[in-house]
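Dear colleague,

I am handing over the structure below, and my notes on it follow directly after. Please read them with the model open beside you.

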Amino acid sequence: MKLLSEKAACNSHGQDSSYFLGWQEYEKNPYDEARNPKGIIQMGLAENQLSFDLLESWLAQNPDAAAFKNDGESVFRQLALFQDYHGLPSFKNAMVQFMSEIRGNKVSFDSSKLVLTAGATSANETLMFCLANPGDAFLLPTPYYPGFDRDLKWRTGVEIVPIQCYSSNGFRITESALEEAYEEAKKRNLKVKGVLVTNPSNPLGTTLTRQELNLLLTFIDEKRIHLISDEIYSGTVFDSPAFVSAMEVLTERRNHFNADVWDRVHLVFSLSKDLGLPGFRVGAIYSNDEMVVAAATKMSSFGLVSSQTQYLLAAMLSDKKFTRKYVSENQKRLKKRHAMMVKGLKDAGIGCLESNAALFCWVDMRHLLAEKTFDAEIELWKKIVYDVGLNISPGSSCHCTEPGWFRVCFANMSEETLHLAMQRIKSFVDLKPADEDQTVHSPQHSNKSKKKGFSKWVFRLSFNDRQRER
């Protein structure tokens with residue numbers, strides 16, 4: 001007799017992905033400037049640590065918010081007692097205003113159409129539950145965030161069908177790629193319920209063009225399916241072209257589509273990237289469909305944002321002088337840090353896809369492969385993790401169509417650590433013979449990493465893994 005459910009016993013979480021396995025090796029041997037200077041540097045974590053001083057400065061200047069006070073009077077009791085799952089009105093109002101500000105106030109949002117969730121992971125899964133049944137499919141352009149194999153599929157039973165994109169046009173979405181993915185789903189007897197895109201893209205670090213957004217809206221209009229635009233990196237756009245939201249294009253061209261398209265475009269937002277607060281677990285769904293909002297609100301009771309968190313962030317986001325300063329300064333810092341990494345990689349003879357947003361670069365190491373295969377990509381990746389001491393994410397974990405691409409993060413470390421990482425990769429490239437055997441050997445300095453080969457890894461979900469979001 002089975003004591004556990006099929007869900008508990010199944011292996012569909014995606015934990016065997018190299019994306020998660022690299023994290024496990026990092027946690028065995030994490031770099032520390034003083035205690036472990038030869039450890040692995042974490043470059044697989046899309047976390048923004050560049051502007052914490054701005055947040056801490058605001059907290060120091062606004063002690064009542066952090067102390068749960070209003071005009072000097074404690075509101076702790078009110079916040080600690082039961083709150084319904086609709087969320088605090090003050091926070092939802094501040095949230096939609098912040099969303100609009102990031103989009104240049106070209107789009108306005110109605111707080112009654114906003115559903116709060118415990119991060120974007122919860123928001124995307126909730127939308128799957130609202131829009132699709134087990135066995136239905138969503139189309140996703142490649143490469144895509146590795147966690148989507150978990151977030152969209154694991155508990156919902158929804159299938160992902162890739163929209164194959166290629167480096168020849170900068171991995172842009174094309175009409176032919178959309179149609180081919182749709183036909184592939186039909187061949188597999190899958191009912192397509194929608195398209196999900198990340199804008200800006202994770203892992204490319206690029207924004208969708210107006211042409212792509214128009215193409216997507218026309219496609220979902222013709223097929224009578226949904227579009228989910230995951231825009232959690234919208235505030236990280238540090239260079240031209242400027243960010244354009246799917247909702248902005250929909251508003252501009254509303255009269256060009258069938259009336260119900262307005263109800264079939266849904267946004268996902270979060271404060272994890274734009275405000276650098278992944279540990280606060282604040283995400284949101286925005287939809288014009290009243291039934292989606294009602295159903296998602298009920299489902300949000302399984303992953304609420306605490307009242308204390310909402311109260312603090314309502315005060316912070318309502319401070320327009322602060323939010324303007326933060327967004328502007330944060331984007332300047334991201335641009336500077338991005339340039340540092342691009343230059344460091346260029347000095348090592350490594351190029352990147354041209355990008356203008358997010359917390360990472362899409363790095364081209366195809367010339368370092370022993371052969372043009374995904375097996376060779378994994379061998380190179382192991383060597384970079386073990387011998388070079390950098391945890392980066394291989395393109396195959398992102399379902400890239402071409403071997404040799406890697407996502408490399410730059411905003412979760414100090415400048416000094418980034419310089420060290422670039423020195424390590426340059427030394428590796430400089431010492432690598434042209435005909436080098438790609439067989440991986442664990443570094444002699446890392447006894448912990450030598451104990452287990454990648455093929456024998458057993459996934460253990462740590463506290464940090466559970467708290468991380470993309």
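**Notes on the predicted model**

The side chain of Asn-202 makes a polar contact with the side chain of Arg-407, at 2.9 Å; a polar contact is here a pair of N or O atoms within 3.5 Å, where within protein one must be able to donate a hydrogen and the other to accept it, and where residues adjacent in sequence count only if both atoms are side-chain atoms. This is a predicted model, in which local features need pLDDT of at least 70 and side-chain atom pairs count only at pLDDT 80 or more, whereas totals for chains, interfaces and linings use all residues. Residues are numbered from 1 along each chain as its sequence is written, and side-chain values use heavy atoms, with hydrogens and water left out.

Asn-202 is found in the loop between β7 and α10 (210–223), the helices (H or I, at least four residues) and strands (E, at least two) being DSSP runs numbered from the N terminus. At 1% relative accessibility Asn-202 counts as buried, where buried means under 20% relative accessible area, exposed over 50%, and partly exposed in between, with a 1.4 Å probe and protein chains only. The loop between β7 and α10 also holds Pro-200, and the peptide bond that leads from Asn-199 to Pro-200 is cis, with omega near 0°. A cis peptide bond also joins Ser-240 and Pro-241, with omega about 0°, and Pro-241 lies in the loop between β8 and α11 (246–252).

Turning to the sheets, seven strands form an open sheet in the order β4-β10-β9-β8-β7-β5-β6, with mixed pairing; two strands are taken to pair if DSSP finds at least two bridges between them. Its edge strands, each pairing on one side only, are β4 (114–117) and β6 (159–163), and neighbouring strands of this sheet are turned by 25° against each other on average, direction ignored. For such angles, axes are lines fitted to C-alpha atoms, for helices over the stretch in contact, and the values run from 0 to 180 degrees between N-to-C directions. Within this sheet, β8 (226–230) and β9 (265–270) pair in the parallel sense over four bridges, and Ser-229 stands opposite Leu-267 in β9. Helix α9 (175–187) packs on the sheet and touches β5 (137–141), β6 and β7 (192–198), while its direction makes about 145° with that of β6; contact means heavy atoms within 4.5 Å.

A further open sheet has four strands in the order β11-β12-β15-β14, with antiparallel pairing, and its edge strands, β11 (351–352) and β14 (393–394), each pair on one side only. Strands β11 and β12 (360–364) run antiparallel and are joined by two bridges, with Gly-351 opposite Asp-364 in β12. Helix α14 packs on this sheet, touching β11, β12 and β15 (405–409), and its direction makes about 15° with that of β12. Helix α15 (374–388) likewise packs on the sheet, where it touches β14 and β15, at about 30° to the direction of β15. In helix α15 is found Val-385, which counts as buried at 0% relative accessibility; Val-385 and Glu-25 are 360 residues apart in sequence and 7.9 Å apart in space, C-alpha to C-alpha.

As for the nonpolar cores (sets of buried Ala, Val, Leu, Ile, Met, Phe, Trp, Tyr and Cys residues joined through side-chain atoms within 4.5 Å), the largest has 76 residues, of which Phe-91, Met-95, Val-195, Leu-271 and Leu-275 touch the most other members. Helix α6 (89–102) gives the most to this core, with seven residues. Apart from this core lies another, of 71 residues, among them Leu-127, Ala-132, Leu-196 and Met-340.

Phe-68, in the loop between α4 and β2 (69–70), has a positive phi near 60° and counts as partly exposed at 21% relative accessibility. Ala-358, in the loop between β11 and β12, has a positive phi of about 75° although it is not a glycine, and at 0% relative accessibility Ala-358 counts as buried.

With best regards
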